Amino acid sequence: MEFISFKVRKLINSIVSKILTSNQHQKTVIQMLKISSSVCAAQWFELQQCRPLSSPLPPSSSVLPRLHSPSGSKKSYQLGQEMGQMSPAQVNHILKANECSHTFPRGPASHGVLGFHSNMLPANQPCEDRRSSATCLLGRGGILLGVFDGHAGPACAHAISQRLFYYVTVAMLPLKMLQELECAVDEERAVPPLLEWHKHPQDHNCPEGSTISFQSLRNYWQERLGDEEEDEGEEDDSRVTSALVNAFLRLDYDLSVEAQVHLSLSSPRRVSLPGEGLPLSSPLRVALSGSTACVVHVSNGVLHVANLGDSRAVLGVQEPDGHWSALSLTNDHNAQNPDELQRILGEHPRSESRTVVRHDRLLGLLLPFRAFGDVRFKWKAEMLSRMYETRPDIMSAVTEAVRTLPPHYLTPPYLSAYPEVTRHLIRPADKFLVLATDGLWELMHRQTVVQLVGEQLTGLQQQKPIIPNADMTLGGLQRLLLERKGRVLSVLEDQNAATHLLRHALGDDGYGAVDQNRLAKMLGLPAELARRYRDDVTITVIHLNEL
């Protein structure tokens with residue numbers, strides 16, 4: 001998650017562009033968390049349902065191979081090396097290191113999804129982005145995919161990417177199935193898997209606190225079973241929307257409660273070195289960091305997109321004349337959205353109208369107005385102050401940004417985990433959906449993104465002949481031919497649509513083609529300078545209909 005304002009970013013971009021040009025290099029504490037004695041249940045939650053990615057398919061396979069992840073070279077390259085020496089092979093090694101793709105079997109089990117392409121390109125060290133993809137195995141079924149943009153460290157995004165889909169599944173399951181799950185756990189019988197994960201080998205596995213995570217999830221379904229007012233007669237669409245909202249809110253609540261329990265049960269330790277004694281899965285580390293989320297659920301030809309923050313979902317639509325148009329299915333939750341700005345201001349006294357949002361940031365600090373975690377924008381001031389004063393060991397193990405009480409912190413909570421849910425019936429013209437963190441949208445306009453993916457998927461096999469205008473000069477014709485040649489070469493370079501977008505986002509020459517020299521320099525920027533120029537970028541392209 002970027003913490004640099006848009007205007008500052010533009011200035012930095014301008015400076016870096018000059019550097020590139022001149023070849024220089026830079027997560028009711030009443031009955032919380034009983035430890036389950038059921039070994040089989042805990043083992044089930046430790047993601048034994050993960051489906052490992054298979055090795056690459058032979059060239060004769062489909063463009064969307066079943067779970068393909070290129071192994072790449074084991075040799076690593078220093079980002080700070082002289083970019084004049086970076087070869088095309090080194091460029092591809094960096095670009096394709098985290099790419100993966102998956103195709104779903106045709107028929108009802110695919111729910112209208114052909115497959116997906118995905119890739120990640122870090123800028124932060126460590127990367128704060130995460131991604132998830134899974135098939136729901138029980139109930140109405142469906143496909144779940146999501147991208148998660150962390151800030152103040154990767155801990156919250158890491159936890160959300162591992163846990164949210166379980167909450168969504170539990171929220172959607174009929175009560176009868178939940179009762180069967182509860183009986184199986186209570187009797188220490190094998191529990192049927194809820195999800196089939198589709199993971200890249202380098203994607204992070206389940207957090208170490210899986211027993212706590214499982215018990216929180218079990219508490220959630222037990223509460224659903226005990227809710228006498230729950231109406232199972234809702235229409236499918238309303239049920240999906242309600243389930244997504246409830247899952248988001250409940251997981252964020254559990255993250256907060258787990259952190260409070262951990263804080264009350266643990267005793268102060270000596271001051272740690274940064275990160276020492278506080279693992280990535282620590283409830284406090286998860287709750288003190290934060291993450292946006294953009295999740296799509298596809299079932300029986302209907303899309304539901306649940307968004308929290310400033311990642312986006314954009315639909316690629318092929319018009320009758322063959323042209324491509326971009327349809328946004330999400331709204332950014334930040335100061336650039338007037339409705340969101342009014343929502344934030346309306347939730348606090350008028351006396352705070354000048355301090356709730358300052359410099360386009362929540363309390364002058366946080367860009368997104370909705371996110372998981374970030375308890376420093378949600379807990380009471382007394383609780384935060386007590387933690388800051390009595391637990392220096394915790395403070396020393398988190399980023400500097402979360403070690404003090406935010407200014408003008410008068411009427412919390414200021415931050416919400418309530419997602420905005422959009423429903424869309426998949427039409428024949430809807431060919432793909434692009435899910436991406438803000439790192440992509442800061443570099444490319446949605447129309448450009450859709451155009452690039454559309455052209456990459458069609459392979460530009462049916463290019464119309466160039467018919468020069470009467471006033472076209474020879475230089476203009478040469479530019480069109482070079483642009484066309486660049487597009488063809490770029491399409492041939494990448495079979496993965498997400499990688500194709502990354503290549504163009506970093507190497508765009510201004511004419512729709514890739515400047516190989518600029519791309520190499522961008523990938524070779526030292527980590528500290530790369531982070532100033534761009535954010536982590538995570539992209540998942542979901543294929544919906546044949547072209």
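Alanine 152 sits in the loop between strand S5 (142-151) and helix H4 (155-172); helices (H or I, at least four residues) and strands (E, at least two) are DSSP runs, numbered from the N terminus. A quick note before we go on: this is a predicted model, where local features need pLDDT of at least 70, side-chain atom pairs count only at pLDDT 80 or more, and totals for chains, interfaces and linings use all residues. Residues are numbered from 1 along each chain as its sequence is written, and side-chain values use heavy atoms, leaving out hydrogens and water.

**Exercise 1.** Work out what phi looks like at alanine 152, and whether the residue is buried or exposed.

*Step 1.* Check phi: for alanine 152 the angle is near 60°, a positive value in a residue that isn't glycine.
*Step 2.* Check accessibility: alanine 152 has a relative accessible area of 18%, so it is buried (under 20% relative accessible area; exposed is over 50%, partly exposed in between, with a 1.4 Å probe and protein chains only).

**Exercise 2.** Do the phi and accessibility check for histidine 408.

*Step 1.* Find histidine 408 in the loop between H11 and S14.
*Step 2.* Read phi: about 55°, positive although histidine 408 is not a glycine.
*Step 3.* Histidine 408 is at 38% relative accessibility, so call it partly exposed.
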